[in-house]
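Please bring up the structure on your screens. I will go through it one region at a time, starting with a loop.

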Amino acid sequence: MNHIDRENQTMGKMVGIYCRAHHHTKDELCDDCAQFLDYAEVRLEKCPYGEDKPTCANCPVHCYKPHFRAQAKAIMRFSGPRMLLRHPLLTIAHYMDGRRRALHPRELTREQRLEKTGRFPTLGDHDR
Ligand code: SF4
């Protein structure tokens, strides 16, 4: 499994833990959490760091819109401590990713950005 797929999986688990506890759902997410997860998946897909991405918490870009960023913080705060028991391997991998230092995309050369993402991301990418 590649890094982005693993991050998608980790995010899905965390949103599920949060939604079940706060919105009393069972097998499916509520509309609000499903919308958040869709948004997070698009952000991951467009991440300028590609496979070398840091954790979003340690990212110098913070591409999330403020509303979704606040939602992400609430989800991480609640689900983070609960992940270790339920999904230890994903949690350890996420911890290791958290030790990765990331340069701001402006510090990368065009060639480095192309190598990471297969395209030349612009700052406008982060507003979508
Ligand atoms: S740019 Fe930063 S905040 Fe956005 S998905 Fe990539 S690592 Fe996460």
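H104 sits in the loop that joins α4 (88-98) to α5 (110-117). Helices here are DSSP runs of H or I with at least four residues, strands are runs of E with at least two, and both are numbered from the N terminus. This is a predicted model, in which local features need pLDDT of at least 70 and side-chain atom pairs count only at pLDDT 80 or more, while totals for chains, interfaces and linings use all residues. Residues are numbered from 1 along each chain, as its sequence is written.

Is H104 buried or exposed? H104 counts as exposed, because it has 10 C-beta neighbours inside 10 Å. The cut-offs are these: buried means 20 or more other C-beta atoms within 10 Å of the residue's own, exposed means 12 or fewer, and partly exposed is in between, with C-beta atoms placed from the backbone. Leaving aside neighbours within four places in sequence, H104 is in contact with P60 and V61. Contact means that the C-beta atoms of two residues, placed from the backbone, lie within 7 Å. H104 and C59 are 45 residues apart in sequence, and their C-alpha atoms are 8.1 Å apart in space.

C59 and V61 come up again at the ligand. Among the 13 residues around the ligand, the nearest are C47, C56, C59, V61 and C63. A residue counts as near a molecule or strand if its C-beta atom, placed from the backbone, lies within 6 Å of it. The shell around the ligand divides into 10 nonpolar, one polar and two charged residues. For these classes, Ala, Val, Leu, Ile, Met, Phe, Trp, Tyr, Cys and Pro are nonpolar, Asp, Glu, Lys and Arg are charged, and the others, Gly among them, are polar.

H62 is in the loop between α2 and α3 (66-86). Its phi is positive, about 50°, although H62 is not a glycine. H62 is partly exposed, because 13 other C-beta atoms lie within 10 Å.

Now the chain as a whole. How many helices and strands does the chain have? There are five helices and zero strands, and from the N terminus the order is α-α-α-α-α. Of the 128 residues in the chain, 20% are buried. Among contacts between residues at least 6 apart in sequence, 67% join residues at least 24 apart.

Next, how α1 packs against other helices. α1 (residues 3-23) and α2 (residues 31-45) have axes 10 Å apart, at an angle of about 165°. The axes are lines fitted to C-alpha atoms, for helices over the stretch in contact, and angles run from 0 to 180 degrees between N-to-C directions. α1 and α2 are therefore roughly antiparallel. The naming works like this: under 35 degrees is roughly parallel, over 145 roughly antiparallel, 65 to 115 roughly perpendicular, and the rest oblique. On the α1 side of this contact, the residues include M11, V15 and C19, and on the α2 side they include F36, L37 and L44. By class, the contact of α1 with α2 has 10 nonpolar, three polar and two charged residues.

With α3, the axis of α1 comes within 9 Å and crosses at roughly 105°. That makes the two helices roughly perpendicular. K13, M14, V15, I17, Y18 and A21 in α1 meet I75, M76, F78, S79, R82 and M83 in α3. Nine residues of the contact of α1 with α3 are nonpolar, one is polar and two are charged.

The axes of α1 and α4 come within 10 Å and cross at roughly 120°. α1 is therefore oblique to α4. Here R6, Q9, T10 and K13 in α1 meet L90, A93 and H94 in α4. This contact of α1 with α4 has two nonpolar, three polar and two charged residues.

Last, the loop between α1 and α2. H24 is found there, and its phi is near 55°, a positive value in a residue other than glycine. H24 counts as exposed, because it has 8 C-beta neighbours inside 10 Å. C30 is in the loop between α1 and α2 too. C30 counts as partly exposed, because it has 15 C-beta neighbours inside 10 Å. Apart from neighbours within four places in sequence, C30 is in contact with C19, H23 and T25. The C-alpha atoms of C30 and C19 are 7.0 Å apart, and the two residues are 11 apart along the chain.
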